[in-house]
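Colleague: Please show me the model, and then I will ask about its parts.

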Amino acid sequence: MALSAKMITIDCAEPRELADWWAQALGVEVAEDFGEFVILAARPLVLGFQRVPEGKAGKNRVHVDFESPDRRGEVDRLVKLGAKVVGEHTAPGFEWTTLQDPAGNEFCVSG
C-alpha cells in the first residue's frame, strides 16, 4: 500500500472568499465550488478551502511553503493583496518570510 498527497485543505469561515484571495495570489482559477468546500487548480499543488464553524486559534500546525526567485518582490505583492508579514528568517544559505493570509493562516515564501 502507498499513499500520495492529493491536496492541502485550509479550514476557514468563508471558503469562496479565501479561495478567491489565494487564486489571485497564485495566479490560478477556482476549479470547483461546492459551497462548503472550494478547490483551486494550482497544479502541482492543489489547495482546498473548507468551511468550519470555529475560528482559528493559535499558530498553524501545518503550513504551505512557496518559493520565488524574487522573494522580496513576491512578499511585497502579497502584502498589497492583503497578506500580513509575521517574520523574516535566515539560516545559512536560506532565507524566508512568514506571512498570514487575510484569514490569519500562516504560509512562507523563500527565495
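Colleague: In which sense do E1 and E4 pair?

Modeller: This is a predicted model, in which local features need pLDDT of at least 70, side-chain atom pairs count only at pLDDT 80 or more, and totals for chains, interfaces and linings use all residues. Residues are numbered from 1 along each chain as its sequence is written, and side-chain values use heavy atoms, with hydrogens and water left out. Helices (H or I, at least four residues) and strands (E, at least two) are DSSP runs numbered from the N terminus, and two strands pair if DSSP finds at least two bridges between them. E1 and E4 (residues 47-51) have five bridges, and the sense is parallel.

Colleague: Which residue in E4 is the bridge partner of Ile10?

Modeller: E1 covers 8-12. The partner of Ile10 in E4 is Phe49.

Colleague: Which strands stand at the edges of the sheet?

Modeller: The open sheet has four strands in the order E1-E4-E3-E2, with mixed pairing. A strand with a single partner strand has one side left without a neighbour in the sheet, so the edges are E1 and E2 (30-33).

Colleague: Is Pro69 buried or exposed?

Modeller: Pro69 lies in the loop between E5 (64-67) and H2 (71-81). Buried means under 20% relative accessible area, exposed over 50%, and partly exposed in between (1.4 Å probe, protein chains only). At 89% relative accessibility, Pro69 is exposed.

Colleague: How far apart are the C-alpha atoms of Pro69 and Val109?

Modeller: Along the chain, Pro69 and Val109 are 40 residues apart. Their C-alpha atoms are separated by 10.0 Å.
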